[in-house]
Amino acid sequence: MRNDNNFYDDKEEHDDRKKKYFIIGGIVILVIALIVASLFFKKKIEISSLEKKAQSLAEMEDYDEALKVYSDLYTKTGDVKYKSSRNQIAIKKEAADTIKDAKEQEQNGNLVKAIVLFKMIPKEDVKNYQYASSQIDSLKQEVIRKVSSLIDSGNNTEASSILSDYISIVSDDKKAIELYKKISGKNDKEVEKVVVQKNVPVVISDNSSNSDSRGLRAANEAASAITNTYQYITSGQANVRSSPSKGSSVVGTLSRGDEVYIQDTYVESASRIWCKTNLGWISYNTMNNTIK
């Protein structure tokens, strides 16, 4: 009887231990689950916050900062929608910089060059395109007024020079064409040659942000061109990285002549395009002879 009691006591103690282990195990699993969930939601909140910040910066037309935030979002998530948003902001930034240059040309009295710049604004950028169109209409009238004033003062040489530039980019302005024919003595065929052959040089203000924007546009075009193509390593060695950043870890290397297929691209700056391959991310500078 005593031995039976000991047996039941040991069994009960064993069952109690099992219950404790189950409880402890459940608590540990619950804690781990809570930690993982909190990290997940923390990241989600962080991404949501950055997204709102980027949208707000874009609405305020602070394109430089918006570009940085969208770049950060793409680096953190790899979501192509942030890459697309970044490219759209880059186009808007270029349009804003072009409008700024056009205004400077107008202020300096270079009316025709201002028109050339305003004509560069793409229709897809509805807001800026509408503004540029209204400015072009205003500048057309201003050109005719300026030319008429020069003709009245007897300065036909300068008037002719301005008109030859003007009708080369606004070829449907009949009043300007008639004025040009009158003071230059050219016939219709000679005027037609001016319209077709004349090239109006535009001196863009020496502004580093403008240059960066145009460089970024060119980089985006290059990135689009190489996406879904096969490329070859042209440098002696190319690092393969875990993400599109020089600060990310190196997960492998490739040698000159190795072929890679570009699945996607990420433009970090005007001088650095990252290419996504099945191995990882590789700098395009190792494929275009920039790095030997």
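Colleague: How many helices and strands does the secondary structure of the chain come to?

Modeller: This is a predicted model, in which local features need pLDDT of at least 70, side-chain atom pairs count only at pLDDT 80 or more, and totals for chains, interfaces and linings use all residues. Residues are numbered from 1 along each chain as its sequence is written, and side-chain values use heavy atoms, with hydrogens and water left out. Helices (H or I, at least four residues) and strands (E, at least two) are DSSP runs, numbered from the N terminus. Counted in that way, the chain has nine helices and seven strands.

Colleague: What percentage of the 292 residues in the chain do buried residues make up?

Modeller: Buried means under 20% relative accessible area, exposed over 50%, and partly exposed in between, with a 1.4 Å probe and protein chains only. By this criterion, the buried part of the 292 residues is 35%.

Colleague: What percentage of the accessible surface belongs to carbon and sulfur atoms?

Modeller: Accessible areas come from the Shrake-Rupley method with a 1.4 Å probe; for residues, only the protein chains shown count as cover. The accessible surface of the chain comes to about 17,900 Å², and the part that belongs to carbon and sulfur atoms is 51%.

Colleague: What covers the buried residues of helix 4?

Modeller: Helix 4 spans residues 111-118, and seven of its eight residues are buried. Among these buried residues are Leu111, Val112 and Phe118. Contact means heavy atoms within 4.5 Å. The cover includes helix 3 (80-107), helix 5 (126-152) and helix 6 (156-169).

Colleague: What length does helix 3 reach from its first C-alpha to its last?

Modeller: The expected span of a helix is 1.5 Å times one less than its number of residues. Helix 3 has 28 residues, for which 40 Å is expected at 1.5 Å a residue. Close to that value, helix 3 reaches 41 Å.

Colleague: Which residue has a backbone nitrogen that a side-chain oxygen of aspartate 79 reaches at the start of helix 3?

Modeller: A polar contact is a pair of N or O atoms within 3.5 Å; within protein, one must be able to donate a hydrogen and the other to accept it, and residues adjacent in sequence count only if both atoms are side-chain atoms. The side-chain oxygen of aspartate 79 comes to within 3.0 Å of a backbone nitrogen, and that nitrogen belongs to lysine 81.

Colleague: How many aromatic pairs does a search of the whole structure find?

Modeller: Rings of Phe, Tyr and Trp (its six-membered ring) pair if their centres lie within 6.5 Å; planes under 30 degrees apart count as stacked, over 60 as edge-to-face and the rest as tilted. With these limits, the search of the whole structure gives four.

Colleague: How many residues apart are tyrosine 74 and tryptophan 281, which form an aromatic pair?

Modeller: The rings of tyrosine 74 and tryptophan 281 are edge-to-face, 6.5 Å centre to centre with 90° between the planes. Tyrosine 74 lies in helix 2 (residues 63-77) and tryptophan 281 in strand 7 (residues 281-283), so that the pair links distant parts of the chain.

Colleague: Is phenylalanine 118 buried or exposed?

Modeller: Phenylalanine 118 in helix 4 pairs with tyrosine 131 in helix 5, edge-to-face at 6.2 Å centre to centre and 70° between the planes. Tyrosine 131 is partly exposed, with a relative accessible area of 31%. Phenylalanine 118 has a relative accessible area of 1% and is therefore buried.

Colleague: Which residues does alanine 66 touch, not counting residues up to four places away in sequence?

Modeller: Alanine 66 is placed in helix 2, and its relative accessible area of 0% makes it buried. Its C-alpha is 7.9 Å from that of lysine 53, 13 residues apart along the chain. The residues touched by alanine 66 are Ala54, Leu57, Ala58 and Ile89.

Colleague: What is the phi of glutamate 61?

Modeller: Glutamate 61 is in the loop between helix 1 (2-59) and helix 2, and it is partly exposed, with a relative accessible area of 42%. Most residues other than glycine have a negative phi. Although glutamate 61 is not a glycine, its phi is positive, at about 65°.

Colleague: With which residues is glycine 257 in contact, leaving aside its neighbours within four places in sequence?

Modeller: Glycine 257 is in the loop between strand 3 (250-255) and strand 4 (259-261). A relative accessible area of 43% makes glycine 257 partly exposed. Its contacts are Tyr232 and Ile233.
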